[in-house]
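Open the model in your viewer and colour it by secondary structure. The stops below go from the whole chain to a sheet, then to a core.

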Amino acid sequence: MRFSMASSSVGVHIQELAEGTYVSAHRHLAGAHVITVSGEGYELLFMPGEEKTRRRYPIKPFAVVAPRTNEFHQHFNTASGTYRYLAIRGQTNPLRFGSGGGYNPTWSAQNKDPSAVVYQINYDQEDPSIREEYYRELEKKGITSRLPPISQGRS
Ligand SMILES: [Fe+2]
């Protein structure tokens, strides 16, 4: 859910990941601060082309993730129940400053142009070891994945 605070220029949204799920990797400009409200999991961070040397951090309430410009980031829920976070982004309130005067909900999820400022890697295009690592984490905790295995061919 996206919302505005006191007509400010600050973009804010809150998101909740279902148990046994994670978000696809995406990148954008620096400035976003993602604050964990509830739940537990981990975060992966990597610059383009550095998936194999990605950094991983445990996530629990009050953890803050602030990705750098162009740094891919990915939130993983590994606990029972939902994982909720609040994201605050300086001066990018799409509800007030969206291109063409309107908010485009697909902008932050575009996956066609990897050279664009904002880009998302779809599940079937991500490094397969990312999902394999997630399945191992869920298995350790006895959580059932809600994301079925997918073909990850890179054609
Ligand atoms: Fe983000």
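Two strands count as paired here if DSSP finds at least two bridges between them. The model is predicted, so treat each stop as a feature of a prediction.

**Stop 1: a pair of strands.** Select residues 11-17, strand β2, together with residues 83-89, strand β9. The two strands pair in the antiparallel sense, over seven bridges. Now pick L17: opposite this residue stands Y83 in β9.

**Stop 2: the whole protein.** From the N terminus, the elements run β-β-β-β-β-β-β-β-β-α-β-α. Of the 155 residues, 20% are buried. Among contacts between residues at least 6 apart in sequence, 75% join residues at least 24 apart.

**Stop 3: the core.** Which residues form the largest nonpolar core? Select Y22, A25, L44, F46, F72, F76, I130, Y134 and L138, nine residues in total. At least two residues of this core come from each of β5 (41-46), β8 (72-77) and α2 (128-141). The element that gives the most is α2, with three residues.

Stop 4: Keep F46 selected and show its contacts. Leaving aside neighbours within four places in sequence, F46 is in contact with E51, T53, R54, R55 and F72. Of these, F72 is also listed in the largest nonpolar core.

How values were computed:
Residues are numbered from 1 along each chain as its sequence is written. This is a predicted model: local features need pLDDT of at least 70, side-chain atom pairs count only at pLDDT 80 or more; totals for chains, interfaces and linings use all residues. Helices (H or I, at least four residues) and strands (E, at least two) are DSSP runs, numbered from the N terminus. A nonpolar core is a set of buried Ala, Val, Leu, Ile, Met, Phe, Trp, Tyr and Cys residues joined through C-beta atoms within 7 Å. A residue is buried if 20 or more other C-beta atoms lie within 10 Å of its own, exposed if 12 or fewer, and partly exposed in between; C-beta atoms are placed from the backbone. Two residues are in contact if their C-beta atoms, placed from the backbone, lie within 7 Å.
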